[in-house]
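Q: Can you walk me through this one? I have the model open and want to go through it piece by piece.

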Amino acid sequence: MVARSSEVRSSAVRHSASPGAGGRRRRGAGRLAGLGLGGAALLVLLTGCDVGGAVGGFGWPQGGITPQSHRMYDLWIASCIAALAVGVFVWGLIFWCVIRYRKRGNELPVQTRYNMPMEFLYTIAPILVVSVLFYYTAVVQTGVDKLTKNPDVTVEVVAFKWNWQFNYRDGQGRDANTVASVLGTSDVIPVLVLPTGRSIRFEEQSRDVVHSFWVPELLFKRDVFPGSIRNVFEVSSLDQEGWYVGRCAELCGSYHAFMNFELRVVSPQKYDQFLAEKKAGKSTQEALKAIGEPEFAQTTKPFDTRRAKNNFNPSDASAGVGS
């Protein structure tokens with residue numbers, strides 16, 4: 001018994017002191033370092049090209065026309081790249097472990113082994129990733145929600161079933177006066193005219209239920225609440241002239257899907273002239289024509305109420321006859 005026990009201890013010592021063990025550890029560390037360097041190089045390459053344009057913005061609307069929309073888009077793309085890099089690294093480790101530690105023969109592998117560098121990595125890395133994402137999210141969100149004391153333009157957005165009214169105000173808050181207004185109807189899409197290069201404040205309120213003001217190229221959607229709640233946000237500037245469709249992004253009733261409007265971004269000179277025409281008593285269509293713009297919305301069209309004579313109980317239909 002003593003001799004047999006001594007043989008076991010001697011064999012164990014020889015196995016642990018075998019020269020191949022250190023080589024295997026060095027090779028494993030080399031593989032981990034290679035994976036890390038490869039991931040870093042991939043990040044550098046991806047951030048140097050238009051990744052968002054190549055993959056459709058990872059689902060985020062492209063072509064933003066405000067500084068805030070650009071910052072949110074960049075944060076989204078960077079977050080997606082970071083998530084993909086972490087995913088590729090984790091998948092690589094999984095497949096490496098499957099191949100490296102697959103079953104070989106009938107010998108049961110060691111059941112109580114740990115790897116301090118690996119445990120340190122998967123404990124610290126998620127904390128660092130979440131911390132970085134939290135920091136940049138807080139910075140971008142603070143910039144998006146920032147309000148100034150004296151914006152260049154103030155527009156009151158009034159939502160109702162199922163259309164929009166845009167009031168151009170001479171100040172901020174409920175006590176300000178409306179100097180011009182654009183009202184949408186079932187036959188005419190409301191056109192909100194705004195200038196480039198000026199800060200714009202939106203003050204929102206609803207006449208009935210919760211609606212949502214949404215122009216994909218302008219900013220994320222902002223809910224419009226009824227009652228005394230007045231949702232306020234600003235954009236520091238509009239960067240590009242053009243026509244952009246706007247929608248209600250909150251299910252608000254039967255004709256929610258047709259509750260559209262158009263944002264018309266023009267030069268500051270055209271905007272001042274448009275506002276002067278409106279103050280002089282001209283209609284929105286007349287004011288748009290005066291500044292050389294199309295009189296009616298170009299990105300959407302009025303909804304069809306479908307209230308034709310034969311829509312509801314046609315008089316020539318026999319009772320009880322099905323289709």
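**Strands, helices and contacts**

A: E1 and E2 form a hairpin with 2 residues between them. Helices (H or I, at least four residues) and strands (E, at least two) are DSSP runs, numbered from the N terminus. This is a predicted model, where local features need pLDDT of at least 70 and side-chain atom pairs count only at pLDDT 80 or more, while totals for chains, interfaces and linings use all residues. Residues are numbered from 1 along each chain as its sequence is written, and side-chain values use heavy atoms, with hydrogens and water left out.

Q: How many bridges pair E1 and E2, and in which sense?
A: Strand E1 (residues 153-160) and E2 pair over 7 bridges in the antiparallel sense; two strands pair if DSSP finds at least two bridges between them. Valine 158 stands opposite glutamine 165 in E2.

Q: And what joins E2 to E3?
A: 5 bridges join strand E2 (residues 163-169) to E3, and these two run antiparallel. Phenylalanine 166 has valine 182 in E3 as its bridge partner, and asparagine 167 stands opposite serine 181 in E3.

Q: What is the strand order in the open sheet?
A: The order is E3-E2-E1-E5-E8, 5 strands with mixed pairing. Strand E3 (178-183) and strand E8 (231-235) are the edge strands, each pairing on one side only. Neighbouring strands of this sheet are turned by 20 degrees against each other on average, direction ignored.

Q: Switching to E4: which residues are on its two faces?
A: Val191, Val193 and Pro195 are on one side, Leu192 and Leu194 on the other, and all are buried. That is 5 of the 5 residues of strand E4 (residues 191-195). In a regular strand the side chains alternate between the two faces of the sheet.

Q: Which strand is E4 joined to?
A: E4 is joined by 5 bridges to strand E10 (residues 260-266), and the two run parallel. Valine 193 has arginine 264 in E10 as its bridge partner.

Q: Where is glutamate 293, and what is it in contact with?
A: Glutamate 293 is in the segment after helix H7 (284-290). Leaving aside neighbours within four places in sequence, glutamate 293 is in contact (heavy atoms within 4.5 Å) with Trp243, Arg264, Val266, Lys270 and Leu288.

Q: Buried or exposed?
A: Glutamate 293 counts as buried, because its relative accessibility is 13%.

Q: Helices now. At what angle do H4 and H5 pack?
A: Helix H4 (residues 67-100) and helix H5 (residues 116-144) pack at about 170 degrees, with their axes 10 Å apart. Axes are lines fitted to C-alpha atoms, for helices over the stretch in contact, and angles run from 0 to 180 degrees between N-to-C directions. H4 and H5 are therefore roughly antiparallel, a term for angles over 145 degrees.

Q: Which residues meet there?
A: Among them are Met72, Leu75, Val86 and Phe89 in H4, and Leu121, Val129, Leu133 and Tyr136 in H5.

Q: What about the chain as a whole: how many helices and strands?
A: The chain has 7 helices and 10 strands. Of its 323 residues, 32% count as buried.

Note on methods
Angles under 35 degrees count as roughly parallel, over 145 as roughly antiparallel, 65 to 115 as roughly perpendicular and the rest as oblique. Buried means under 20% relative accessible area, exposed over 50%, partly exposed in between (1.4 Å probe, protein chains only).
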